[in-house]
Amino acid sequence: MNLLEVHGISKAFGGIRALDGCSLAVEQGSITGLIGPNGSGKTTLFNVITGYERPDAGTVTIRGTDVTNASPSTIFGLGLGRTFQLVRIFPRLTVMENMHIAVQRQGIRALLRRWTAPHERAHAQELLDFVGISHLTDAPAENLSYGQKKLLEFAMILIAEPQVVLLDEPAGGVNPTLAAQLTDRIKMLNQRGITFLIVEHNMQFVMSLCDKIAVMHRGSLLTEGAPDQVRGNPAVLDAYLGD
Ligand SMILES: Nc1ncnc2c1ncn2[C@@H]1O[C@H](COP(=O)(O)OP(=O)(O)O)[C@@H](O)[C@H]1O
Ligand SMILES: [Mg+2]
């Protein structure tokens with residue numbers, strides 16, 4: 001079953017066609033990679049899927065429900081979490097305070113469950129431990145390395161217990177040790193049933209992690225397939241070399 005489907009999505013910014021009839025399906029339980037040259041529309045597609053941009057044409061469905069033009073909070077409420085290409089955390093707040101804000105973003109569910117309950121804090125601590133930054137719980141977020149900030153953002157998403165996670169360049173600028181740790185964590189979460197759609201330039205990261213890879217070029221889907229198929233496809237290399 002396809003958990004997430006986009007069909008014929010177009011989005012222009014002035015004269016720039018960021019997305020041009022883009023269609024893509026993400027199978028339930030998969031780790032799907034989304035690659036393509038810079039400017040091919042990957043981040044814009046994430047923004048359209050998650051309600052941050054309105055498409056000019058096309059549809060987005062989650063489990064068959066049309067969510068085109070739904071707000072980010074509606075999409076979030078349907079169990080879809082995302083990270084941003086440029087991390088969005090509060091630098092002056094501590095790591096734990098950032099986790100607290102992530103809980104508040106869940107809205108009514110979190111209010112009912114009260115952050116002050118010790119188990120909420122314990123859960124946040126568990127997630128920080130899971131991503132490998134529990135030793136930084138009380139540090140101001142601005143003191144974290146770039147890679148650690150990305151891990152914090154990842155933990156902030158996980159607190160909402162999403163069913164689908166969209167990651168925009170999670171390994172970009174992250175040192176190999178943290179990247180390997182991230183790979184491991186994504187695999188563990190996937191085994192627990194979480195579906196992933198991952199934009200990433202680090203080919204080793206993508207090829208070792210994903211069971212399917214979709215390639216974008218100039219705002220639409222160029223090809224998709226297993227990592228080996230995509231790697232061996234001359235059209236993919238041409239797309240990268242041509243841009
Ligand atoms: N808010 C925006 N305003 C104007 N142009 C944009 C905006 N967002 C993206 N673009 C343009 O759309 C194209 C696709 O960008 P993007 O989706 O960020 O590509 P990718 O993530 O694949 O690198 C690029 O040409 C980019 O400059
Ligand atoms: Mg991008």
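Predicted model: local features only at pLDDT ≥ 70, side-chain atom pairs only at ≥ 80, totals over all residues.
Residues are numbered from 1 along each chain as its sequence is written, and side-chain values use heavy atoms, with hydrogens and water left out.

The protein has ten helices and ten strands, where helices (H or I, at least four residues) and strands (E, at least two) are DSSP runs numbered from the N terminus. Its radius of gyration is 18 Å, close to the 18 Å that the globule rule gives for 243 residues, so the protein is as compact as a globular protein of that length; the radius is taken over C-alpha atoms, and the rule is 2.2 Å times the number of residues to the power 0.38. Along its principal axes, the C-alpha trace spans about 50 × 35 × 35 Å.

Of the 243 residues, 51% count as buried, a term that means under 20% relative accessible area, with a 1.4 Å probe and protein chains only. Where contact means heavy atoms within 4.5 Å, 66% of the contacts between residues at least 6 apart in sequence join residues at least 24 apart.

A search of the whole structure finds zero disulfides, a disulfide being a pair of cysteine sulfur atoms within 2.5 Å. The sulfur of Cys22 lies 16 Å from the closest cysteine sulfur, which belongs to Cys210, and this is too far for a bond. Cys22 is buried, with a relative accessible area of 0%, and Cys210 also counts as buried, at 6% relative accessibility.

Methods
Chains lettered and ligands numbered in written order. Buried < 20%, exposed > 50% of the residue type's maximum accessible area, 1.4 Å probe, protein only.
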